[in-house]
Amino acid sequence: ASVQSGVLRGEAVCLARDLGNQPANAMTPTQLAAEATRIAKRHRLRLRVLERAELERLGMGLFMGVAKGSRQPPKLILLEYRPARAATQTLAFVGKGITFDSGGISLKPGAAMDEMKFDMCGAAAVLGAMEGIARLKPAVRVVGVIPTCENLPDGAAVKPGDILKSYAGKHVEVLNTDAEGRLILGDALAYAIAQYKPDAVVDLATLTGACVIALGHYASGAVTNNDALLERLVATGKACGDVVWPLPNFPEYGEALKGKYADLQNIGPREGGAITGGLFLKHFVGDVPWVHLDIAGTAWGVKGVGHVPNEGATGVGVCLLMDLARGWSPLSAGGRKRRKA
């Protein structure tokens, strides 16, 4: 049984690694959707892929704003596992799927830009976890949500200073087009909560370079609105090797995101950037227990850890999500909520 469990987990992690290691001309949003289709057919999971026209009709202005600069069509991938017996609880796992991130009009420096193919490692983790969960068959309903597109500079691309309207109705002033992951995740989180009514949400994103500076390559930074859920993730990560480290969540940090000409702005000051990046997402989850995991430092570039390759994608988050789902039990009533930002 232990060998079978190890093989299952290894295959799920290696799937995520393989997806992350693909070059951006091969691993496009369309190809990511094709991979989700393969998983759905293999394990009889429910699958919906929302295309550009539907996303525009739904009013996902943040997501569509990021996607405007690319000729690759954006996708919102919705992959659902339902246990054989009726589940009383639902988990939603949301993964950032920017298949290449040039920074958009706020163009990144050329050095190491090739590594921006790894900006979809959150999406890869969710797909790997959904493959593993379908084989583990936990007693909880699990929904994998993946907003995926490219972030490129083009005559139609969103510009610094543009204001976009989100699916949730909030208006966001885009001060830096390279802070795009939080935009697509904001719409995806709000939609997942409205559509599936989850009892808990975890998002994974290669969100900020600031998290790499803060924590290096050996722990994923976490921002939450619910300490009980975070504590469960920390314990799960410690057991499986996907280490999670809590970041503070004080109201003062949230002040930096108040917009000058809109409800919000998509960046705060450079200081505390990993925290303000997570707190931006908090505006789109309401009171649903939620943890944001910034995996920018742990998704690739990790060295000296025995079970992780020294080059390429690590598959971080796959075992964390699988084990969270396998051992899931309802959170205590309301949980212990963090102070609101």
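This is a predicted model: local features need pLDDT of at least 70, side-chain atom pairs count only at pLDDT 80 or more; totals for chains, interfaces and linings use all residues.

Visitor: Which residues of helix 11 are buried?

Guide: They are Val318, Cys319, Leu320, Leu321, Met322, Asp323, Leu324 and Ala325.

Visitor: What makes strand 2 count as largely enclosed?

Guide: Strand 2 covers residues 75–81, and seven of its seven residues are buried, so the rest of the structure largely encloses the strand. Both of its faces are covered.

Visitor: Why are strand 2 and strand 5 said to pair?

Guide: Pairing requires at least two bridges between two strands. Strand 2 and strand 5 (residues 141–151) have seven bridges, in the antiparallel sense, so the two strands pair by that definition.

Visitor: How many bridges join strand 1 to strand 2?

Guide: Five bridges join strand 1 (residues 46–50) to strand 2, and the two run antiparallel. Val49 stands opposite Ile77 of strand 2.

Visitor: Why is Asp119 called buried?

Guide: The word applies under 20% relative accessible area. Asp119 has a relative accessible area of 3%, so it is buried. Asp119 sits in the loop between strand 4 (97–101) and helix 5 (121–136).

Visitor: What makes the link between Asp119 and Lys96 a polar contact?

Guide: The N or O atoms of such a pair must lie within 3.5 Å. The side chains of Asp119 and Lys96 are joined by a polar contact of 2.9 Å, so the distance meets that limit. Leaving aside residues up to four places away in sequence, Asp119 touches Lys96, Gly97, Ile98, Asp101, Glu180 and Thr206.

Visitor: What makes strand 6 and strand 11 edge strands?

Guide: They belong to an open sheet of three strands in the order 6-7-11, with mixed pairing. Strand 6 (163–165) and strand 11 (264–265) each have a single partner strand, so one side of each is left without a neighbour in the sheet.

Visitor: How do you know that strand 7 and strand 11 pair?

Guide: Strand 7 (residues 171–173) and strand 11 share two bridges in the parallel sense. Glu173 has Gln265 of strand 11 as its bridge partner.

Visitor: What lines the largest pocket?

Guide: The largest pocket has a volume of about 780 Å³ and is lined by 27 residues. Nearest its centre lie Asp178, Leu207, Thr208, Gly209 and Ala210. Helix 7 gives the most to this lining, with four residues. By class, the lining has 10 nonpolar, nine polar and eight charged residues.

Visitor: Which residues are closest to the centre of the second largest pocket?

Guide: The second largest pocket has a volume of about 350 Å³. Of the 19 residues that line it, Gly241, Asp242, His307, Val308 and Thr314 are the closest to its centre. Helix 1 (residues 2–21) provides the largest share of that lining, four residues. The lining of the second largest pocket has nine nonpolar, seven polar and three charged residues.

Terms used:
Residues are numbered from 1 along each chain as its sequence is written. Side-chain values use heavy atoms; hydrogens and water are left out. On a 1 Å grid over the protein atoms alone, a cavity is a set of points where a 1.4 Å probe fits but cannot get out, and a pocket is an open set with protein on both sides within 12 Å along at least five of seven lines; lining residues have an atom within 4 Å of a point. Grid points are joined across faces, edges and corners, and a volume is the space filled by probe spheres set on the points. Ala, Val, Leu, Ile, Met, Phe, Trp, Tyr, Cys and Pro count as nonpolar, Asp, Glu, Lys and Arg as charged, and the others, Gly among them, as polar. Buried means under 20% relative accessible area, exposed over 50%, partly exposed in between (1.4 Å probe, protein chains only). A polar contact is a pair of N or O atoms within 3.5 Å; within protein, one must be able to donate a hydrogen and the other to accept it, and residues adjacent in sequence count only if both atoms are side-chain atoms. Contact means heavy atoms within 4.5 Å.
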